[in-house]
Amino acid sequence: MQKSWFDAFSRFLVPIAGKLNNNRYLKVLRDAFMLAFPLTIFGSIAVVLANLPFLDRVMSEGALNTFRSALNIAPQATMGIMSIFVVFGIGYYLSKSYEIEAIFGGAIALVSFLLLTPFFLQSEGQEVVQNVIPLDRLGAKGMFLGMIVAFTAGEMYRWAVQRDFTIKMPAGVPPAVSRSFSALIPTLMTLSVFLIINIVVTQLFKTNMHDVVYHAIQAPLVGLGSGIVPTLIAVFVTQILWFFGLHGQIIINSVMDPIWNTLSLENLNAYMDKGEVPHVISKQFIEIYTVGMGGTGMTLAVVVAMLLFMKSKQLKQVGKLAIGPGIFNVNEPVIFGLPIVMNPLILFPWIVAPMVVTLVTYLAMSTGIVPPPTGVAVPWTVPILINGIMATNSIAGGLLQLVNFTIVLAIWFPFLKFIDRMNLQKEREEGKGESTQNAS
């Protein structure tokens, strides 16, 4: 009965997860965000340095303001214009997936996005300043428009190239020149479409595509994604996918990253401007308080329990192998060594522990007991406690992880103990069998 239930659920879930994991657009989106990752880490380091909690005690107010002003360009030049990197990355990787000239795909996507971007700034009660781009249009506020435009422009460029709307140059022409002429007509066709769209929207409707997409699509989706219920659903599906041997993070993050990253950028902008964080849920909330506690499922507590409290040789050995990688949030040794994949004995703690911890973390942050993550990007390999402090710029962020660690340990302990007793019984029987053979 149990096996038939697993088989039926597996037949339903695995094909869906496989299609999502192999979807061209989700893979391109994931790669585009990873293109921006090292740049955002650089900006995040500058934000952490500028906001260390003890600086006001060792520096005068004037020196502190000068120090922060000097470092402020780093987050503005990286995280502040993250949409540019994502847009270029989408155009590049989408074109690369079609095996056409990728660098032109990235450039066309970026220019298409800029064609729909207003080159003026107007504050309330002030006159319009021309020939400037508001920074928020290149950051969080322009993220969804950028993704839509990049995919559309990339597909248009691909369509024109694959239908051979290109200029062929003689064989003796240098390759760089030949590629430029080959991309000329697809570029003209694609950019003309976006120029016409901008003319219609700005001249006929007296608005811009940034505001249209932001109010119609981005704001509602971000508002939905910032809630605890969708977050718990995402955590639940991630754990289920891993249980069946599928990489839950890659699949779910491909869908949710646009929302979570947008929330992170909004948090960072608000934190730098006002010292306040508007959203509890963000990319860092997910990474630091789930994956950042030993890997998917927060299994560092599981590894510690195996090392300290279990007696069977199997669990002790798995704990020894998994503790080193687990400290740096790599938990494949415990996922496949315990094992967790397709093991019905641990299905309950594997799913319930992350959801309980996610809920506890949300309540602690939404009630003000612990500050939410500031939007600073922290590498996922940074160990527990340190990453919590870095993400929230507060010792309370690290202490909350220790509370969560204890919760995971308490939920897992009875199940590990049951498995441990089974293993001990099996080891005793095997030991008796070997003794009998030796005696004979």
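Reply: Asn131 is in the loop between strand S2 (129-130) and helix H8 (143-162); helices (H or I, at least four residues) and strands (E, at least two) are DSSP runs, numbered from the N terminus. Asn131 isn't a glycine, yet its phi is positive, about 60°. Most residues other than glycine have a negative phi, and most peptide bonds are trans. Keep in mind that this is a predicted model: local features need pLDDT of at least 70 and side-chain atom pairs count only at pLDDT 80 or more, while totals for chains, interfaces and linings use all residues. Numbering starts from 1 along each chain as its sequence is written, and side-chain values use heavy atoms, with hydrogens and water left out.

On the peptide-bond side, Leu338 and Pro339 are joined by a cis bond, with omega about -10°. You'll find Pro339 in the loop between helix H17 (332-337) and helix H18 (347-366).

Now for the domains, whose bounds come from an automatic or database domain assignment: domain 1 is 78-224 and domain 2 is 233-432. Their C-alpha centres lie 38 Å apart. Domain 1 puts 11 residues into the contact (heavy atoms within 4.5 Å) and domain 2 puts in 10. About 910 Å² is buried between domain 1 and domain 2, 79% of it from carbon and sulfur atoms; buried area is the accessible area (1.4 Å probe) that two parts lose on being put together, summed over both. On the domain 1 side, Met79, Ala140 and Val222 lose the most area to domain 2, together 55% of what that side buries.

What about salt bridges, meaning a Lys or Arg side-chain nitrogen within 4 Å of an Asp or Glu carboxyl oxygen? There are 0 across the interface of domain 1 and domain 2, though the overall count comes to 7. One of them pairs Arg179 with Glu101, closest N and O atoms 3.7 Å apart. That pair links distant parts of the chain, 78 residues apart: Arg179 belongs to helix H9 (residues 175-182), Glu101 to the loop between helix H6 (82-97) and helix H7 (102-115).

Lastly, helix H2 (residues 24-50) and helix H4 (residues 61-71) pack at about 175°, axes 9 Å apart. Axes here are lines fitted to C-alpha atoms, for helices over the stretch in contact, with angles from 0 to 180 degrees between N-to-C directions. H2 and H4 are therefore roughly antiparallel (over 145 degrees; under 35 is roughly parallel, 65 to 115 roughly perpendicular, the rest oblique). Ala46, Leu49 and Ala50 of H2 meet Phe67, Arg68 and Leu71 of H4.
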